[in-house]
Amino acid sequence: MFQALIAEDSKPILRNLKALIHTSGLPIQVAAVATNGEEALEICQHNTIDILITDIRMPKMDGLTLIDQAKRINAKLKVVLISGYNDFEYTRKAINLQVCDYLLKPVERSQMMEVMERVVAQLKEEHHTESSVFDGILDPSSSRLMKLEPVFFEQSKLLWVVRKHIFTPLSDHWNSEIIKMRLTEAFEGHPFWLFPTQDPLQLLILTNASFIEGHNYNLNIMEKIHNFFVTLGLDVSIACSSRSVVPQKIPESYREISQTLKEQLNVSKPVLLDVSLSLHIQQASQEEINRLGDNYTGMIQRLQKDRFLLQLSEQLSKWQQADLPVAQLERFVSRLVGAFESSANQHTEWKNWVVHEQARKLFEQSSYADFCSELLTFSGECFDFLLTYNKKSGNELFMKIDEHLRTNLYAQVSMSDLSTKFHVSSSYISRIVKKYSQNTFVHHYLDLKIREARRLMETNPEMKIKELSDALCFHDQHYFSKVFKEYVGCSPSEYKAAIPFKPQDV
């Protein structure tokens, strides 16, 4: 809702203008009225006014002087001039003062609507342009309601990113309005802005760059802000940059500070850091996390539940003492989830379990101890699923694979074909076939084909060896003969010759 001030010394005209705006249906509220220029100027000094509707001739201060003074207070003020005079001199001065539009007395409703619709359109466009500075970083519900004063864009800004520390309860005090009231003292009367971000665990605080003059920026200010959160019972980490930015660069700076903060968070205690300074390199390198990930993935693939849970419990205890970065802990858990998912082979029951949602909730626990307990429970449940699934489904899957191969002996079926058909990995198919046939996939499939070749020789002795080879997709008679001899112990010709002659019935 845009705030309007009407300055008009004629009370009937004043009432008429107020009534026209009130019944217009436009997002304009008459915040105040004044019957002379000085009164109107004082209102502008103490209130946020978006639209000034003023007569030219008024007592104590005329409309043009009022416009000039009011524009110094708010350069983006939209002014609509009311005049009963069609005088070029007034028009020229008004143009110099960047008046938006004119209303000629007597003001008619249609004229009023047309002018005010244009003014509202300009204000909306400017508001959208200004608020778009925060597109993509602020909570959408707050961003829609946000209205920044022009003074906000006049100075460069300093940013603080405040994040609720992981594994701490989310207090009722984690509310931007409550926090804003308590932070006023920390900023010692200087203007500051606090916004909830798209990340519900993170807040953005801005202040003018001039605020740090005379302060030890890193120690005094950031620690003071942190202490105020502590008084609210909120355990937070804070990151900032001692380099100020123009308002248009706020999103870029916010993302840089936010990303650095997330990379530096650890599981044991909050951090306070200035991203413009060289940062301490966190322990537990990514290479170490990858090595551990490989180790635990191997135990998942081999279904070593007890060993996995014992080693994971020990590792989690070590990490609490080693200030493990939260980002690396998240990567590690993601690696475990991926390994469990791969071993489940996208089984329907696994999909219905919504494993990713359960894994995400692990990081919403109120303490690191609770996180460890839930992760171990979650991992145990994953193992139980895999163990049950492997017992009942391994043989079932082999039977389906074997049936498919037997019905496709006159074609050429590859591991990739089976992987696509049964929605499992090629490596899993290889393990299943090996387990239940005691042969590799290739040997099992060739064995089935050679068995079929022997059947055809016995039932169709007139078939030539090449016809058999082509029918069973060997495409090379010599290769067929070689494979046949490996499996049967003699060549196809020898086997065919040894088949007892069965005279046909007369």
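**Overall fold, a mixed sheet and its packing**

Of the 506 residues in the protein chain, 45% count as buried. The model is predicted. The chain holds 21 helices and ten strands. Among contacts between residues at least 6 apart in sequence, 70% join residues at least 24 apart.

Five strands form an open sheet. Their order is β7-β8-β6-β9-β10, and the pairing is mixed. β7 (192-196) and β10 (272-274) stand at the edges. Each has a single partner strand, so one side of each is left without a neighbour in the sheet. From one strand to the next, the twist averages 15 degrees.

Five bridges join β7 to β8 (residues 202-208), and the two strands run antiparallel. β7 and β8 form a hairpin, with five residues between them. Phe195 stands opposite Leu204 in β8. Pro196 stands opposite Leu203, also in β8. In a regular strand, side chains alternate between the two faces of the sheet. Four of the five residues of β7 are buried, so this strand is largely enclosed by the rest of the structure. The cut-off for buried is a relative accessible area under 20%.

The strands β7 and β8 are joined by five bridges. Helix α7 (residues 176-183) touches both β7 and β8 as it packs on the sheet. The direction of α7 makes about 160 degrees with that of β7. Helix α9 (residues 250-264) packs on the sheet as well. It touches β6 (157-164), β8, β9 (236-240) and β10. The direction of α9 makes about 35 degrees with that of β6.

A helix pair was examined next. The axes of α2 (residues 37-46) and α3 (residues 63-73) come within 10 Å. They cross at roughly 10 degrees. That crossing makes α2 roughly parallel to α3, because angles under 35 degrees count as roughly parallel. On the α2 side, the contact is made by Gly37, Ala40, Leu41, Cys44 and Gln45. On the α3 side, Leu66, Gln69, Ala70 and Ile73 take part. By class, the contact has six nonpolar and three polar residues.

Aromatic rings were then considered. A pair of aromatic rings is described by the distance of the centres and the angle of the planes. The count comes to 18 aromatic pairs. One of the pairs is formed by Tyr296 and Phe332. Their rings lie 5.5 Å apart, centre to centre, with 85 degrees between the planes. The arrangement is edge-to-face, because planes over 60 degrees apart count as such. This pair links distant parts of the chain. Tyr296 lies in helix α10 (residues 286-301), and Phe332 lies in helix α12 (residues 326-344). The two residues are 36 residues apart.

Both partners fall under the 20% cut-off for buried residues. Tyr296 is buried, with a relative accessible area of 2%. Phe332 has a relative accessibility of 1% and is therefore counted as buried. Tyr296 and Phe332 also belong to one aromatic cluster, together with Phe308, Trp319, Phe340 and Phe383.

Notes. Residues are numbered from 1 along each chain as its sequence is written. This is a predicted model: local features need pLDDT of at least 70, side-chain atom pairs count only at pLDDT 80 or more; totals for chains, interfaces and linings use all residues. Side-chain values use heavy atoms; hydrogens and water are left out. Two strands pair if DSSP finds at least two bridges between them. Axes are lines fitted to C-alpha atoms, for helices over the stretch in contact, and angles run from 0 to 180 degrees between N-to-C directions. Contact means heavy atoms within 4.5 Å. Rings of Phe, Tyr and Trp (its six-membered ring) pair if their centres lie within 6.5 Å; planes under 30 degrees apart count as stacked, over 60 as edge-to-face and the rest as tilted. Buried means under 20% relative accessible area, exposed over 50%, partly exposed in between (1.4 Å probe, protein chains only). Angles under 35 degrees count as roughly parallel, over 145 as roughly antiparallel, 65 to 115 as roughly perpendicular and the rest as oblique. Ala, Val, Leu, Ile, Met, Phe, Trp, Tyr, Cys and Pro count as nonpolar, Asp, Glu, Lys and Arg as charged, and the others, Gly among them, as polar.
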